[in-house]
Amino acid sequence: MGRDIIADLITSIRNADMDKKRRVQIESTNITENIVKILLREGFIENVRKHQENQKNFLVSTLRHRKTRKENRMILKRMSRPGLRIYSNYQRIPKILGGMGIVIFSTSRGIMTDREARLEKIGGEILCYIW
């Protein structure tokens, strides 16, 4: 049975954020690297670097803690999973908090946000919601 690496990534970030830890270590794969790049570009993560330990590659991410909100928590929700895939075309892409949050998509052109998918008019698998 395979592992759900996207769920592992989301759970690691969510647990570190709830515990108010600054750094989180994530197993490095192509999918996790692309998702972390999106989180870095959207401002949910401050910094990311690669780390190698015992012939395994890891991503060490520095989380950004927002002081302007009462709740400093970042909400991450896994949508599509190995047992139940959820797909959407570009016209029915959900808007999270009226555009304040992001939806991460896996498309035929790679992993991208909901805004990028709408601009390119391409649909795909909904991986997760973040706000």
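The following is a conversation about a predicted model of a protein chain.

Reader: Before anything else, what kind of model is this, and how are residues numbered?
Author: This is a predicted model, in which local features need pLDDT of at least 70 and side-chain atom pairs count only at pLDDT 80 or more, while totals for chains, interfaces and linings use all residues. Residues are numbered from 1 along each chain as its sequence is written, and side-chain values use heavy atoms, with hydrogens and water left out.

Reader: How many helices and strands does the protein chain have?
Author: The protein chain has three helices and eight strands. Helices (H or I, at least four residues) and strands (E, at least two) are DSSP runs, numbered from the N terminus.

Reader: In what order do the elements run from the N terminus?
Author: The order is α-β-α-β-β-β-β-β-β-α-β. The radius of gyration of the protein chain is 15 Å, close to the 14 Å from the globule rule for 131 residues, so the chain is as compact as a globular protein of that length. That radius is taken over C-alpha atoms, and the rule is 2.2 Å times the number of residues to the power 0.38.

Reader: What does the C-alpha trace span along its principal axes?
Author: The trace spans about 40 × 40 × 25 Å.

Reader: And what share of the residues counts as buried?
Author: Of the 131 residues, 38% count as buried. Buried means under 20% relative accessible area, exposed means over 50%, and partly exposed lies in between (1.4 Å probe, protein chains only).

Reader: What share of the contacts comes from residues 24 or more positions apart?
Author: Such residues account for 59% of the contacts with a separation of 6 or more, a contact being heavy atoms within 4.5 Å.

Reader: Turning to charged side chains, how many salt bridges are there?
Author: The structure holds 12 salt bridges. Each is a side-chain nitrogen of Lys or Arg within 4 Å of a carboxyl oxygen of Asp or Glu.

Reader: Which residue does Asp4 pair with?
Author: Asp4 forms a salt bridge with Arg78, with the closest N and O atoms 3.0 Å apart. This pair links distant parts of the chain, since Asp4 lies in the segment before α1 (5-18) and Arg78 in strand β4 (residues 76-78), 74 residues apart. Arg78 counts as buried, at 17% relative accessibility.

Reader: Which elements does the bridge between Arg115 and Glu42 link?
Author: The side chains of Arg115 and Glu42 meet at 3.2 Å, N to O. Their bridge links helix α3 (residues 114-120), which holds Arg115, to helix α2 (residues 30-42), which holds Glu42, and the two residues are 73 residues apart. Arg115 is partly exposed, with a relative accessible area of 36%, and Glu42 is also partly exposed, at 28%.

Reader: What about Asp114 and Arg118, how are they separated in helix α3?
Author: Asp114 and Arg118 are four residues apart in helix α3, so about one helical turn separates them. The two form a salt bridge whose closest N and O atoms are 3.6 Å apart. Asp114 is buried, with a relative accessible area of 3%, whereas Arg118 is partly exposed, at 24%.

Reader: Which residues form a network of salt bridges?
Author: Arg3, Asp8 and Glu27 are linked in such a network.

Reader: A change of topic: is Ser61 buried or exposed?
Author: Ser61 is buried, with a relative accessible area of 0%. Ser61 sits in strand β3 (residues 56-63). Leaving aside neighbours within four places in sequence, Ser61 is in contact with several residues, among them Arg22, Val36, Ile45 and Asn47.

Reader: Where is Arg92, then?
Author: Arg92 lies in the loop between β5 (87-88) and β6 (102-107). Arg92 counts as exposed, at 69% relative accessibility.

Reader: What is the phi of Leu97?
Author: Phi of Leu97 is near 55°, a positive value in a residue other than glycine. Most residues other than glycine have a negative phi. Leu97 is in the loop between β5 and β6, and at 55% relative accessibility Leu97 counts as exposed.

Reader: Where is Lys121 found, and what is its phi?
Author: Lys121 is found in the loop between α3 and β8 (124-130). Lys121 has a positive phi of about 55° although it is not a glycine, and Lys121 is exposed, with a relative accessible area of 57%.
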